[in-house]
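Here is a briefing on one protein chain.

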Amino acid sequence: MSDLDDDEDVIEFDESEMSWAAHARRAIESAAATIEKDEVRGVIYMQSGEDQRFLPVHEEFDSWENVRHALVHLGESEWVNYAPFDGGEPVFHPSVDGFVEDAMSRHGVEDFFESVRPPDEGDELADAHDLVARRAGLAVQIDVGEINAELVRYLADNPEQMYELNPRKFEELVAELFRAKGYEIELGRGRKDGGVDIRAFLRNDIGALLTLVQCKRYGPHRKINVDVVRQLHGVVNRDNASAGVIVTTSTFTRDARSEQQRFEHRIQLAEYSHLAKWLREYPQPGKSG
């Protein structure tokens, strides 16, 4: 049994949960609350359990997969400690993936590792040839229409395959969908981009509107929480943009939707169903209407 869940004032039991599930969730959330991020080394430090003397063990993690594995192991151990057994096996098999995804989302684990990810060879080539001078190297200007047209058509028929895209490729996909809707696109470089993945300009004879786009390629059960909405609203105000859009392969929590309603003219939410519709609407060569 772990002492990570001692802080009853911070993490409450949900009366609708079985006790073993509640203990697992609390252990996962308590461990995630100890996360410290080292941007220089590109690692996360987290309390992952206790040693034989019941002293806290802090580990270093260099990938979101390793953080996830540690939290799953911790949660399953707590689940087994409290679950009823029959014939040497727990009656209810440990099921903690949802708890882990929620905790990692709340603490920005995947976003952190994506932000410190070294560029691959293709990224470096883009940086060298396509830097936008007026932004002093903070963004690359792209035309991904031909590059992604075949991929977009495939995903229109198989939208569930969006979950298999790496986060950078997902950003490129969203950029292409906005480009197809008439926007001029600037795609962030993927590292320390100030909370903005895409800058989308819509120009007409009256002027130009700037929409800031944040992309979240998450699993279907990992919902976007209210903090992400608040963060983007702050960035929209900071950059004096016209609006902001959060685009995700997942969905949004109730609190996130409520918060968006406060900023309904500045912040929009686009989830899996919206992306699937945009993919179907993508113009195909040789077809009109």
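**Briefing: N225 and its surroundings**

N225 touches S105, R106, T253 and A256, leaving aside residues up to four places away in sequence; a contact means heavy atoms within 4.5 Å. This is a predicted model, in which local features need pLDDT of at least 70 and side-chain atom pairs count only at pLDDT 80 or more, while totals for chains, interfaces and linings use all residues. Residues are numbered from 1 along each chain as its sequence is written, and side-chain values use heavy atoms, with hydrogens and water left out.

**The N225 site**

- N225 sits in the loop between β9 (208-216) and α8 (226-238).
- Helices (H or I, at least four residues) and strands (E, at least two) are DSSP runs, numbered from the N terminus.
- N225 is buried, with a relative accessible area of 12%.
- Buried means under 20% relative accessible area, exposed over 50%, and partly exposed in between (1.4 Å probe, protein chains only).
- The N225 side chain reaches the backbone nitrogen of D227 at 3.0 Å.
- A polar contact is a pair of N or O atoms within 3.5 Å; within protein, one must be able to donate a hydrogen and the other to accept it, and residues adjacent in sequence count only if both atoms are side-chain atoms.

**Helix α3**

- S105, one of the residues that N225 touches, belongs to helix α3 (residues 97-106).
- S105 is buried there, as are F99, V100, A103 and M104.
- The cover over the buried residues of α3 includes α1 (19-32), α2 and α4 (109-115).
- G108 follows α3 and has a positive phi, near 60°.

**The β1-β2-β3 sheet**

- Three strands form an open sheet in the order β1-β2-β3, with antiparallel pairing.
- β1 (36-38) and β3 (56-61) stand at the edges with a single partner strand each, so one side of each has no neighbour in the sheet.
- From one strand to the next, the twist averages 30°.
- Axes are lines fitted to C-alpha atoms, for helices over the stretch in contact, and angles run from 0 to 180 degrees between N-to-C directions.
- Strand β2 (residues 43-50) and β3 run antiparallel and are joined by six bridges.
- Two strands pair if DSSP finds at least two bridges between them.
- G49 stands opposite V57 in β3.
- Helix α2 (residues 64-82) packs on the sheet and touches β2 and β3; its direction makes about 15° with that of β2.

- Strand β7 (residues 184-188) is mostly covered, with four of its five residues buried.
- Four bridges link β7 to strand β8 (residues 198-203), and the two run antiparallel.
- E184 stands opposite F201 in β8, and I185 has A200 as its bridge partner in β8.
- β8 and β9 also run antiparallel, joined by six bridges.
- F201 has L210 as its bridge partner in β9.
- Four residues lie between β8 and β9, which form a hairpin.

**Helix α7**

- Helix α7 (residues 167-180) has 14 residues and reaches 20 Å from its first C-alpha to its last, close to the 20 Å expected at 1.5 Å a residue.
- The expected span is 1.5 Å times one less than the number of residues.
- Ten of the 14 residues of α7 are buried, so the helix is largely enclosed by the rest of the structure.
- N166 caps the N-terminal end of α7, with a side-chain oxygen 3.1 Å from the backbone nitrogen of R168.
- Just after α7, G182 takes a positive phi of about 105°.

**Whole chain and confidence**

- The protein chain has 10 helices and 11 strands.
- Of its 289 residues, 46% are buried.
- Among contacts between residues at least 6 apart in sequence, 59% join residues at least 24 apart.
- Mean pLDDT (the predictor's confidence in each residue, from 0 to 100) is 79 for the protein chain, and 78% of its residues reach 70 or more.
- Confidence is lowest in helix α5 (residues 121-130), at a mean of 37, and highest in strand β11 (residues 267-270), at 97.
- Over residues 1-13 the pLDDT is below 50; this stretch has 30 contacts in the model beyond near neighbours in sequence.
- Over residues 120-147 the pLDDT is also below 50, with 43 contacts beyond near neighbours in sequence.
- Where pLDDT is low, the predicted coordinates should not be read in detail.
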